[in-house]
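Have a look at the structure first, then read on.

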Amino acid sequence: MQVYTVMSGGFGDIVLSCLHPGSDLGYFKAMQARGATTRVELFAHHGAQGVDFLAGNPYVDEVCHTHGLPFNPYKIAAKRAGDYRLLTVADKLVWERPEIYLTAEEQHVANDILSGGPYVAFHPFAGDSDEEKRRFQIDPNAILKALDVAGIRVVVLGGPGESVSFSGPNVINMIGKYSVRLHVYLVAHAQKFIGSMSCYNCAALEYEIPSLIFAPPHHPRDADTRRLVNEYTFDIFAMMKKTATVMYWDDLPQEIGQAVVQWLNVFPVQGTGWS
């Protein structure tokens, strides 16, 4: 038996496709126990991140990556399926949330960070870096400075082309270091998440980490983001309504760093625990 599933979108979409309850990937372990060979058909313009996230998963035998987002990825996957068939409802007998498989070195890094006490995960980036410079209205360094002065441990996440200039004793800068798997793992173990509507925001929502999200007033879908968050009963917006506080770029407090610290609601200066 050979089965495949299709994932398509940006890296945030891939994170949701992997981790969300009922995801096809969560059935792969049980399928392998029944003797199946498994494949993920991955369609993504940030394909390296998706492939990286799936790396090391013993229940994924093959990842077939296509760069870009075609109109009908299922049709393309079916044409090259060969002896594989699409995972069906009848296959979906036992679901387990997929684990994140770190290398030994990454696990050591993660353990060191976790052993230092509670921390906030911070990812103030999203999408194309040049586009984000035009659109993003918040100075991440001002937020980092306020958190550091307040004694709040913060782990800064991000990839190539992203950067912050502030450094301090409570700031752990992980930008561009190790895999996206480690970054998602650090989000999953954070006390809270602060950042933009991004891939790591998606991870925080999946793990139900209380989040402060900086959102554009108009979503790339050309819709009013406030309406999407307030009215949608599905999708990422319904998840945001459950576990996130949203600040919109057109209505930000003047002292954004202090507003973030206030949202965190008294994080002990010594970083030994939450109030």
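What follows covers a helix pair and then the salt bridges. Keep in mind that this is a predicted model. In it, helix 1 (residues 11-19) and helix 9 (residues 199-206) have axes that come within 7 Å, and the salt bridges come to 10.

**Helix 1 and helix 9**

- The two axes cross at roughly 20°, and angles under 35 degrees count as roughly parallel, so helix 1 and helix 9 get that label.
- Helix 1 passes helix 9 in a right-handed crossing.
- On the helix 1 side, the contact uses Phe11, Gly12, Val15, Leu16 and Leu19, while helix 9 brings Cys199, Tyr200, Cys202, Ala203 and Glu206.
- Sorted by class, that contact has 8 nonpolar residues, 1 polar and 1 charged.

**Salt bridges**

- Glu96 pairs with Lys29, with the closest N and O atoms 3.3 Å apart. The two sit 67 residues apart, Glu96 in the loop between strand 4 and helix 5, and Lys29 in helix 2. Glu96 is partly exposed at 38%, and Lys29 is partly exposed at 35%.
- Arg85 pairs with Asp91 at 2.7 Å. Arg85 is partly exposed, whereas Asp91 is buried, with 5% relative accessibility.
- Glu208 pairs with Lys242 at 2.9 Å, linking the loop between helix 9 and strand 9 to helix 11. Glu208 is partly exposed at 45%, and Lys242 is exposed at 62%.

Conventions. Residues are numbered from 1 along each chain as its sequence is written. This is a predicted model: local features need pLDDT of at least 70, side-chain atom pairs count only at pLDDT 80 or more; totals for chains, interfaces and linings use all residues. Side-chain values use heavy atoms; hydrogens and water are left out. Axes are lines fitted to C-alpha atoms, for helices over the stretch in contact, and angles run from 0 to 180 degrees between N-to-C directions. Helices (H or I, at least four residues) and strands (E, at least two) are DSSP runs, numbered from the N terminus. Angles under 35 degrees count as roughly parallel, over 145 as roughly antiparallel, 65 to 115 as roughly perpendicular and the rest as oblique. A crossing is left-handed if the near helix is turned anticlockwise from the far one by less than a right angle, and right-handed if clockwise. Contact means heavy atoms within 4.5 Å. Ala, Val, Leu, Ile, Met, Phe, Trp, Tyr, Cys and Pro count as nonpolar, Asp, Glu, Lys and Arg as charged, and the others, Gly among them, as polar. A salt bridge is a side-chain nitrogen of Lys or Arg within 4 Å of a carboxyl oxygen of Asp or Glu. Buried means under 20% relative accessible area, exposed over 50%, partly exposed in between (1.4 Å probe, protein chains only).
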